[in-house]
Amino acid sequence: MTHVAIAGGEIVALGGDEVAAEWCDEHTAVHDFAGATVLPGLVDTHVHPVWGSLQRGSSVSLAAASSLEELRAVLSGELPTERGRWLHGHDLDLDIFAGDPSGRMLEHWFPGVPLVLMARDAHSLVVSPSLLADLGITGERTFPDASRIAVDAAGPTGWVVELSAMDLVLDSDTSPQLPLTERARHLQAGLEELAAGGLTAIHALDFHDPSQALYEELERVGDLPLKVRVFPLIPADSGIEAWEEAAALQGIGGRRWCVAGVKFMLDGTGENGTAWFSEPDSEGENHRPLWRDLAQYRAAMRFFTERGIQTVTHAIGDGAVAWVLDLVAEIGHAPGAPHRIEHIESIPDALLARFAETGVVAGMQPTHATRLMEPNGADAWTRRIGHVRRADGWRAADLLAHGATLVVSSDWPIGVGDPRIGLADAQLRRAVDAPSNAPMNIGQALSVEQAYAAMTSAPAAAEGRTGRSGEIAVGAAADLVVFEANPLELSPEAQPHNRVLARYIDGVRVETKEWQ
């Protein structure tokens, strides 16, 4: 096959030179791809574009700080000149702390400077304790979910855990906010970065204010570089009012973005002690849900299912995963698209077959296994969760072997946004650019065909669009990526360097360009 004929945003014919002759009319475009490889456009089903682009564009990256000394050096070069202005940082590696993270050293290093540092997994903050005191936080606080502000005998330590507690801090920042147009530039830059690796669509698992205004601003001056399917977050332990607000958002959108689903956070993260495993971790944590009231979570799932709205549930531990599987077996799926579980970091054998049995889509981030875990097991996740459960970590191959629909994604900006890197890591079970690293659970490596299916045909199934997208076939959407070489014939090490020659969205060639 060298020629693809496209009309009305769909593929209408495939073949050789004869396609150009047979489909020569004003309504049909015929593309000659001889010498290149055409695949369905890649889809990243777990991205945080609005929050992530603003973090990367307007706060200090702490990614290079692998010790407290290096953290101090990075922050020293970024201190604000305006008194009282907060300094925000992101991508903080919690492994640099000997025990529970604390912000007290920030006070010692930089007295009078309010610092707010977001952890690499985006589920906690390390802040200056004096900043908390200025906000009137001098002791423990109660939240609707399992969020918390860490306190010891001397008061708050500066460690702020999970979203409700984090929002209490972040929403209090009185520093001047960036203008909408500048925030839109950051978002456009993030979307362009993601698109450059061959993505034609993403699932945006955030829709906080001003997300809608930002997408509308970008489409006021041009087109988004890829399609965006948006899943607003339903706060843990929320009630009917929040659910109705999210239901009312369904279907709103623009030319290349739309709201089509919701996201739940049933647990937190293993590093924070807020994941929900069936057995506690080494510190007696990681065995409770983020939702305190599971009956309320059940009611929320039923509410959206009955209204035909797809749900995506963040579930790290096997306790959370089992709960969602049981619930979907009880209430079923929304008619348009199946429910999905995201992350699934460690599960036992007994849960593998249940994905296919219940029809729940499994979402996983290979780069969390290859880039957030230490090959020698010295990371905080492994210290807490243990080597036994690490051996059951990120079981991508086993899920496929048991008939599950598996989508792989990045969790950008927490994970690497270039899909070629993520897909290579999924095949190697180590970072493709770190050949000396030992692979993590090599038996869970995906074949190249399985890896690319997990970002093409599997996302189509997850959206309820099998046969209408995610494949090169007559009648499928003409969302295409053109590679210089066939990635299915390349080694994993070569795939990140496989040039993207072109991308097509609904049959229209999309150029990467600077937003004005």
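Biologist: What share of the 516 residues of the chain counts as buried, and what makes a residue buried?

Modeller: Of the 516 residues, 57% count as buried, a term for under 20% relative accessible area, with exposed over 50% and partly exposed in between (1.4 Å probe, protein chains only). This is a predicted model, in which local features need pLDDT of at least 70 and side-chain atom pairs count only at pLDDT 80 or more, while totals for chains, interfaces and linings use all residues. Residues are numbered from 1 along each chain as its sequence is written, and side-chain values use heavy atoms, with hydrogens and water left out.

Biologist: What makes a set of residues a nonpolar core, and which residues have the most contacts inside the largest one?

Modeller: Such a core consists of buried Ala, Val, Leu, Ile, Met, Phe, Trp, Tyr and Cys residues joined through side-chain atoms within 4.5 Å. The largest has 85 residues, and Y215 and F355 have the most contacts inside it. Apart from this core lies another, of 22 residues, including L94 and V161.

Biologist: Which residues is Y215 in contact with, leaving aside its neighbours within four places in sequence?

Modeller: Contact means heavy atoms within 4.5 Å. On that basis Y215 touches P49, V50, L187, A204, F207, L224, V228, V230 and W257, those neighbours left aside.

Biologist: How much of the contacts in the chain with a separation of 6 or more comes from residues 24 or more positions apart?

Modeller: Such residues account for 74% of those contacts.
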